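Please go through the model below, strand by strand and chain by chain. The paragraphs that follow take up pairing, packing and contacts in turn.

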Amino acid sequence: MPDVVVIGAGVVGAACAYYAARAGLEVTVVERGSVASGTTGAGEGNVLVSDKEPGPELDLALLSNVLWRELAELGGFEFEAKGGLVVAETGEVQRALTGLARAQAVEHEVVAPEDLPRYEPHLATGLAGGVFYPQDAQVQPMLAAARLLRHGAPELRTGETVTGFLRSGDRVTGVRTDRAEIPAAAVVNAAGTWAGEIAELAGAPLPILPRRGFVLVTEPLPEPLIRHKVYTAAYVTNVASDSAGLESSAVVEGTPSGTVLIGASRERVGFDRTLSIPVLRALARQAVELFPVLADTRLIRAYCGFRPYCPDHLPVIGPDPRAPGLYHACGHEGAGIGLAPATGHLVARLLTGAETGLDLRPFLPDRFAGETS
Amino acid sequence: MTYDLVVIGGGPAGMAGAAAAALAGLRVALVDGGPRLGGQYFRHPHSAEPLRGRFPRLRAAVAGRATVLARHRVWTVQREDDLLAVHCLAGERDERPRTVRGRRLLIATGAHDRSLPFPGWDLPGVLTAGGAQALLKGDRVVAGRRIVVAGTGPFLLPVASGLAGAGADVAGVYEANRLTGIARRARPAPAKVAEATGYALELLRHRVPFHAGQAVIAAHGDTGLTHVTVARLDRDWRPLATRTVECDTLAVGYGFLPQLDLPVQLGCATRPGVDGSPVVEVDAGLRTSVPGVYAAGEATGVGGADLAEVEGLLAGRTVAMDLGRTARPAPALARRRRRLTAFAEALLRAYPVRDGWRGWLSPGTLVCRCEEVPYARVLEARDLGALDSRAIKLLARPGMGWCQGRVCGYAVACLMGEAPQPPRRPIAQPIRLGDLADQPEETP
């Protein structure tokens with residue numbers, strides 16, 4: 001009998017399994033699809049500290065940033081500590097950006113307009129400046145998840161769907177799947193955008209909704225044009241927005257395979273995969289505004305994914321008092337790749353009864369008491 | 001301007017569909033990516049000698065009746081309330097975005113070569129059978145000096161006889177299947193027998209040997225192709241004995257895959273065809289599951305030009321009737337479609353792709369040429385927890401490059417032991433970011 005069953009083999013589930021296994025626990029991972037086949041497989045691979053307001057999520061991001069660098073030593077997946085450049089269109093936005101950077105108290109460099117070309121030679125002219133965050137990084141999320149699972153070496157059960165929980169009174173004592181019953185001392189819900197369905201199965205609902213995002217991929221370029229993750233200040237406000245309608249603010253970056261990735265639209269339209277020309281047009285426009293040289297670059301692919309969105313934009317991490325034995329590690333919205341190691345690390349500490357070293361209260365599932373039935 | 005019908009694809013199916021609908025009084029636009037009508041089957045050089053036969057007849061039927069929009073590559077199709085919007089890139093060097101709207105849409109996008117990977121298939125000098133045929137028909141270019149033709153399917157014969165007739169030294173035709181009892185099972189129409197006999201005679205005249213039950217399982221050379229390994233195969237395509245054949249060109253094809261990007265974008269239902277590859281599901285009137293959208297030709301199942309033309313005619317008539325025009329019933333056409341479909345399906349059954357080709361791969365064989373993914377990395381991804389070809393793509397990148405899996409998608413699905421899935425390509429043609437940014441804001 002395993003000590004813990006982790007539901008979901010996305011990057012968060014993989015990190016939970018990895019750290020739990022390293023803490024000496026026996027781990028089983030149950031995944032209804034393949035490794036990284038949900039939101040992880042549709043992610044850009046952002047490991048960002050720059051876009052977080054000061055507060056609990058930034059603390060989590062900073063911890064994660066350190067842990068990603070350790071994990072990268074394991075090898076087998078791309079990790080690029082390339083840094084992020086946030087640019088401002090106007091002087092007013094630039095002042096707001098520098099104010100945010102000071103409040104975040106993370107490593108940063110304020111970049112004057114005339115210095116922008118030193119960071120990004122092909123950046124549009126006429127920008128009011130920017131802030132460079134050397135800690136921002138890029139990870140290939142699918143391979144990272146697969147490698148963490150390989151290194152943690154849990155029992156991996158892919159193509160198997162959790163259909164219910166084993167209970168002893170209120171207590172969760174394992175999961176039931178379409179193939180077997182798997183008793184375990186604890187269960188971790190790392191089902192991402194579908195974590196609400198899992199929580200429902202446990203009679204402990206969570207308000208997690210899909211927030212669609214499109215990513216555009218260009219043809220491979222013969223030489224890299226873009227060195228860092230580059231985005232405009234609007235990205236920060238869009239991430240924190242509650243609007244259901246379309247919001248987009250292009251994050252533009254080059255990848256080791258030569259393609260340019262352009263993310264991130266945000267819409268709450270359920271699980272609809274239909275291509276939306278207005279979304280593509282908005283992303284293309286913003287990318288070309290940032291890098292005019294991209295106007296002649298061809299788009300060869302577009303894909304979408306569904307971020308697990310919570311009303312307060314914070315992930316759900318911690319034990320569920322409604323179902324003792326059940327832990328949540330989900331609802332990271334668009335930051336799941338970046339926040340995965342810290343989440344896995346904290347969950348492993350909780351499972352082994354160790355000090356977490358970080359105030360978990362803002363992340364606990366209890367915070368939704370009263371919002372859900 | 002809004003058309004009654006927009007036809008995508010200027011091959012036999014699209015031309016026939018446009019002509020039939022226009023004859024019934026509909027306003028029709030025929031959109032094609034190429035410079036001239038004809039598609040792959042009627043491909044012809046610019047300003048060649050006057051053409052004879054069906055093509056000029058079809059072209060004359062289209063001309064003056066339908067608006068022909070050549071050099072229009074469709075990158076996406078979308079529904080806009082009651083209309084279907086066909087988003088194109090028009091022109092060649094200075095292509096411009098252009099949207100053509102219609103009340104009905106006929107998808108006649110044809111098929112492309114089905115490829116299987118094997119060691120050396122990425123060498124210069126190795127091309128698809130369809131590619132060799134296109135060079136010959138469109139540019140009157142013979143692809144090489146000493147040519148080997150290999151793969152499976154009836155298409156290998158016209159390719160080899162065309163090359164031989166144009167003066168190439170065709171070293172041999174290697175058909176992987178054994179073809180026992182084909183004539184009995186397929187019961188071909190006399191015209192088909194005559195066509196096949198014509199090719200066979202042409203090959204005989206040029207002393208081109210035809211080998212059934214044999215395949216090219218590896219290509220060799222440093223900077224270009226110098227020779228190939230030919231194997232005698234067992235029933236499952238496992239090599240029994242091999243020998244070397246010198247050549248500078250290899251034209252290889254394992255049948256065809258319908259181009260389904262656009263129907264899948266619109267949500268048209270598909271089903272596995274006789275050969276396992278997905279095809280668009282249509283009713284007897286060539287209606288797809290999506291209201292207002294019709295499909296004809298190879299998209300509904302690979303069956304050749306005659307069947308495509310018949311389906312186009314039927315589809316054009318159905319559209320006219322659905323839009324309230326009168327069209328006389330055409331029972332003879334429907335009967336002809338059934339007969340040709342039965343023949344096409346018998347051929348697909350006679351020329352299957354057998355699993356043994358997987359054994360031709362070595363760990364270093366590229367499975368995806370665009371992203372240079374060797375077979376070993378596909379196996380590694382499977383080992384890391386990928387259960388299906390989509391997961392393989394995410395972990396090892398086959399299908400992520402220029403061709404978006406059009407070349408390697410079939411093979412990767414077979415390697416994972418799954419039936420090939422309908423392609424999910426929301427962007428059917430590369431589009432410049434500048435053009436995408438300039439897309440008009442409002443849609444009528």
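How many bridges join β4(A) to strand β8 of chain A, and in which sense do they run? Two bridges join β4(A) to β8(A) (residues 137-139), and the strands run antiparallel. Two strands are said to pair if DSSP finds at least two bridges between them. Helices (H or I, at least four residues) and strands (E, at least two) are DSSP runs, numbered from the N terminus. The model is a predicted one, in which local features need pLDDT of at least 70 and side-chain atom pairs count only at pLDDT 80 or more, while totals for chains, interfaces and linings use all residues. Residues are numbered from 1 along each chain as its sequence is written, and chains are lettered from A and ligands numbered from 1 in the order in which they are written.

Within this pairing, A:Phe79 stands opposite A:Val139 in β8(A). The pair belongs to an open sheet of three strands in chain A, in the order β3-β8-β4, with antiparallel pairing. Its edge strands are β3 (46-47) and β4 (79-80) of chain A, each of which pairs on one side only. In a regular strand the side chains alternate between the two faces of the sheet.

Another antiparallel pair in chain A consists of β10 (residues 162-168) and β11 (residues 171-177), held by six bridges. Here A:Arg167 has A:Val172 in β11(A) as its bridge partner. The hairpin of β10(A) and β11(A) has two residues between the strands, and A:Gly169 takes a positive phi near 65 degrees there.

Chain A also has a helix pair to look at. Helix α1 (residues 11-22) and helix α9 (residues 336-352) of chain A pack at an angle of about 35 degrees, with their axes 7 Å apart. Axes are lines fitted to C-alpha atoms, for helices over the stretch in contact, and angles run from 0 to 180 degrees between N-to-C directions. The crossing of α1(A) and α9(A) is right-handed; a crossing is left-handed if the near helix is turned anticlockwise from the far one by less than a right angle, and right-handed if clockwise. Residues in this contact include A:Val11, A:Ala15 and A:Tyr19 of α1(A) and A:Ile337, A:Ala340 and A:Leu351 of α9(A). Two residues are in contact if their C-beta atoms, placed from the backbone, lie within 7 Å. By class, the contact of α1(A) with α9(A) has 13 nonpolar, four polar and no charged residues, where Ala, Val, Leu, Ile, Met, Phe, Trp, Tyr, Cys and Pro count as nonpolar, Asp, Glu, Lys and Arg as charged, and the others, Gly among them, as polar.

Helix α1 (residues 12-23) and helix α8 (residues 304-322) of chain B have axes that come within 7 Å and cross at roughly 30 degrees. That angle makes α1(B) roughly parallel to α8(B); angles under 35 degrees count as roughly parallel, over 145 as roughly antiparallel, 65 to 115 as roughly perpendicular and the rest as oblique. The crossing of α1(B) and α8(B) is right-handed. Their contact has 14 nonpolar, four polar and three charged residues.

In the other pair, the axes of α3 (residues 129-139) and α4 (residues 156-165) of chain B come within 10 Å and cross at roughly 40 degrees. Helices α3(B) and α4(B) are therefore oblique to each other, and their crossing is left-handed. On the α3(B) side the contact takes B:Ala129, B:Ala132, B:Gln133 and B:Leu136, which meet B:Leu156, B:Val159, B:Gly162 and B:Leu163 in α4(B). Six of these residues are nonpolar, two are polar and none is charged.

What remains is how the chains meet. In all, 32 residues of chain A are in contact with 24 residues of chain B. On the side of chain A that touches chain B, α5 (141-152), β9 (155-158), α8 (277-290) and β18 (298-309) of chain A each supply at least two residues. Helix α8(A) gives the most to that side, with seven residues. That side of chain A divides into 19 nonpolar, six polar and seven charged residues. Pairing also crosses between the chains: β18(A) and strand β22 (residues 431-432) of chain B are antiparallel over two bridges, and A:Leu299 stands opposite B:Ile431 in β22(B).
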